[in-house]
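Subject: Structure for you to look at

Hello,

Here is the structure we talked about. Please open it first, then read the notes below alongside it.

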There are 2 protein chains.
Amino acid sequence: MLLTERQTVTLFHPPASLTLESGGRLGPITVAYETYGTYNGANAVLILHALTGDSHVAGRYRPEDPKPGWWDPLVGPGKAFDTERYFVVCSNVLGGCQGTTGPASLDPATGLPYGPDFPVVTVRDMVQVQRALVERLGIRRLLAVAGGSLGGMQALEWAVQFPDQVAGSIPIAANARFHAQGIAFNEVQRRAILNDPAWQGGRYYPGPGPAAGLAVARMLGMITYRSLESMEEQFGRQVRRGGEDAPWQDFDPHFSVETYLEHQGEALVRRFDANSYLYLSKAMDLHDVSRGFPSHEAALARIRARMLVVGIRSDLLFPPQQQRGLTQDLLKAGVDARYLEMDSPWGHDSFLVDHHLLAPTIRDFLEELSQGEEAGEPLRPAASHPEGRRWA
Amino acid sequence: MLLTERQTVTLFHPPASLTLESGGRLGPITVAYETYGTYNGANAVLILHALTGDSHVAGRYRPEDPKPGWWDPLVGPGKAFDTERYFVVCSNVLGGCQGTTGPASLDPATGLPYGPDFPVVTVRDMVQVQRALVERLGIRRLLAVAGGSLGGMQALEWAVQFPDQVAGSIPIAANARFHAQGIAFNEVQRRAILNDPAWQGGRYYPGPGPAAGLAVARMLGMITYRSLESMEEQFGRQVRRGGEDAPWQDFDPHFSVETYLEHQGEALVRRFDANSYLYLSKAMDLHDVSRGFPSHEAALARIRARMLVVGIRSDLLFPPQQQRGLTQDLLKAGVDARYLEMDSPWGHDSFLVDHHLLAPTIRDFLEELSQGEEAGEPLRPAASHPEGRRWA
């Protein structure tokens, strides 16, 4: 059994601080992270979690834990991210609420939780903090960065921002610039939280906060993480247990899909901070790897890592045409890029469900990256790696 | 210029009442409706509006009205629903808030608005009220019923419930049984309203009611009425006017798509009752033409009307595979059915936008129905109309 523990490190101590994309400064910043395996100087893989994820990517804290980390089928001894070969690191994102500094953390200037005084952070800011973390761990260059959704945005931003520090990148179910419909879904979710009187302008600590609003946000999020076909398969028009006897008298849930969503909403409220939800969804909106570069192509052309872009056939939130388009854009920019499409019915969440469709390709990709690093070959643009330009 | 006026009639006077599908009884029921053209005994067409629509399908109340009715490009002299040939009727649905009895109406038992004491109504109940209306207007049999979305559900239910009273039916962007993902989207919208403290258990009249909650519901609704591609085309990552100067400091709208949604939310609040929104979305959830029949096929096999089923290529809320499947189910049940797919990028709302893609087919279909009625041919099952079984 893979046992792990959550560690923390505090970075950007005064007088240092992190200069944010917004221009503001933030520090000190505590980062919660977990590591798996042993670092040998050339085998570090950074895994990046999604919106409500955390650093607990695999294994258990104690043998009796009922559930392992969120990507356990892919991370561990002998698995695709083989912890007997690779040194895996996963950290909670900046702005989160699972150990890394976020809006619920204490503002050293006031001694009170930041709340709405926490600065708006971006995916690029998150990646800056991750770089500081891995450098603190003695890692100068990553073999790979990998993640889905918000984690995929980070994987891509890593490759753009630090072309010399990452040999390979696996952005899954993500895009290079968040799109209008995605911003729209996020805006509705934020509005549900902001409208909740219990939000109190974001200064609700240590109270329970906007539980009802956060639950509505999560319910909508869950629809976008699923697919038409998987919801139809799982729920259809099935009436909730006991619902047959009390139909149509009120607006309580009548169908199973309604109780499912309500449970999902309640479950998130128990484990997640509403302000973090606001900040992280805003970071998704602001995601655009081309910001500050002359063009989108110019941003992508910075990449020296080999790219394994993954799309999901049934993804409602990040439809696969986006990842196909990204792969084409990467190739056009001279980047070594290949594309894998998961033929999964589970929607956006497929990368957390159909691990077997990811495992072989990730395993092979890491092997290829390892061989490249061992050979000491400098990363070259895709033109010199025609064999890498597979189009799956 | 086509001028019209809204009329009202009160039906189900005591001791009569409408027996609802839920088993409850409701009456009296006032119905708001508009008519266009002249009835000649065989030319009546009933048009059925969508969730937040009303009886004002075409024309203007006064010449100076800035905007005509909601389907004006299709309804009027010389148009597809040619009011020089057809007698067009459109009524506000049961449970609505545009003149027909709904939760904001006075409960004769108390003299107060029904509010949450209004019974849960179904699409079938709506159709019962419409039948009472057209019979009051002296119409024994309809040449056609037509509508999109919730209106399309009604068009289908008409054909199933009253097979001898309708010669043709045009359900657009609808399905025969509402699906899990649709219920899920509706549940999130209702939850946003129910969570708003201003909802007050539904007894908020004559106050403004849950404006913030209704706005969130509408914002989400609008995303489902649009499409990924049309939102990308219209908004992309465009920043709202003035937003460049105040980026990233808070959670106010930053992108144009956010201000668009907020405007849409506010606009609906000004014209629509939140309780009606709850009741009508619940009616969508409960929509299932097979309820009470031995099987789905048995319900569809009741239909003697010719069916023109319309789907929309980019529809997110009612994807076109549903309408294609419905057409196949109809044909399998021996119904005279044909299918038109609108090649529109505007999502679910395309039937309110790309009128030109509907007009020729509707015009031809009505002509065919008229000839059938003039010939006095009894409606027969599809098997005897092989020419009607076109598959577009």
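Helices here are DSSP runs of H or I with at least four residues, numbered from the N terminus. With that in mind, Gln234(A) is found in helix 5 of chain A, which covers residues 228–234. Please note that this is a predicted model.

Gln234(A) has 14 within 10 Å, so it is partly exposed.

Chain A as a whole

Chain A contains 10 helices and 14 strands. Its C-alpha atoms fill a box of roughly 70 × 50 × 50 Å along the principal axes. A compact globule of 392 residues would have a radius of gyration near 21 Å, and chain A agrees, with 21 Å. Of the 392 residues of chain A, 58% count as buried. Take the contacts in chain A between residues at least 6 apart in sequence: 70% of them join residues at least 24 apart.

Helix 3 of chain A

Helix 3 runs over residues 180–195 of chain A, and its 16 residues should span 22 Å at 1.5 Å a residue. The C-alpha atoms at its ends are 22 Å apart, which agrees.

How many residues of chain B are in contact with chain A? There are 45, and they touch 45 residues of chain A. On the chain B side, the elements that give two or more residues are helix 3 (180–195), helix 4 (211–225), helix 5 (228–234), helix 6 (256–271) and helix 7 (274–286) of chain B. Helix 3 of chain B supplies the largest share, 12 residues. By type, the chain B side divides into 26 nonpolar residues, eight polar and 11 charged.

Chain B is superposed on chain A by a rotation of 180 degrees, with 0.0 Å of shift along the axis and an RMSD of 0.0 Å. That is the relation of a two-fold axis. Of the interface residues of chain B, 100% are also interface residues in chain A, so the copies meet through the same surface.

One residue in chain B

Finally, His356(B) sits in helix 10 of chain B, residues 355–374. His356(B) counts as exposed because it has 12 C-beta neighbours inside 10 Å. His356(B) and Leu74(B) are 282 residues apart in sequence, yet their C-alpha atoms are 8.4 Å apart in space.

Regards

How values were computed: Residues numbered from 1 in each chain as written. Chains lettered and ligands numbered in written order. Predicted model: local features only at pLDDT ≥ 70, side-chain atom pairs only at ≥ 80, totals over all residues. Expected span 1.5 Å × (residues − 1). Contact = placed C-beta atoms within 7 Å. Nonpolar A, V, L, I, M, F, W, Y, C, P; charged D, E, K, R; others polar. Buried ≥ 20, exposed ≤ 12 C-beta atoms within 10 Å, placed from the backbone. Least-squares fit on C-alpha atoms with pLDDT ≥ 70 in both. Rg over C-alpha atoms; globule rule 2.2 N^0.38 Å.
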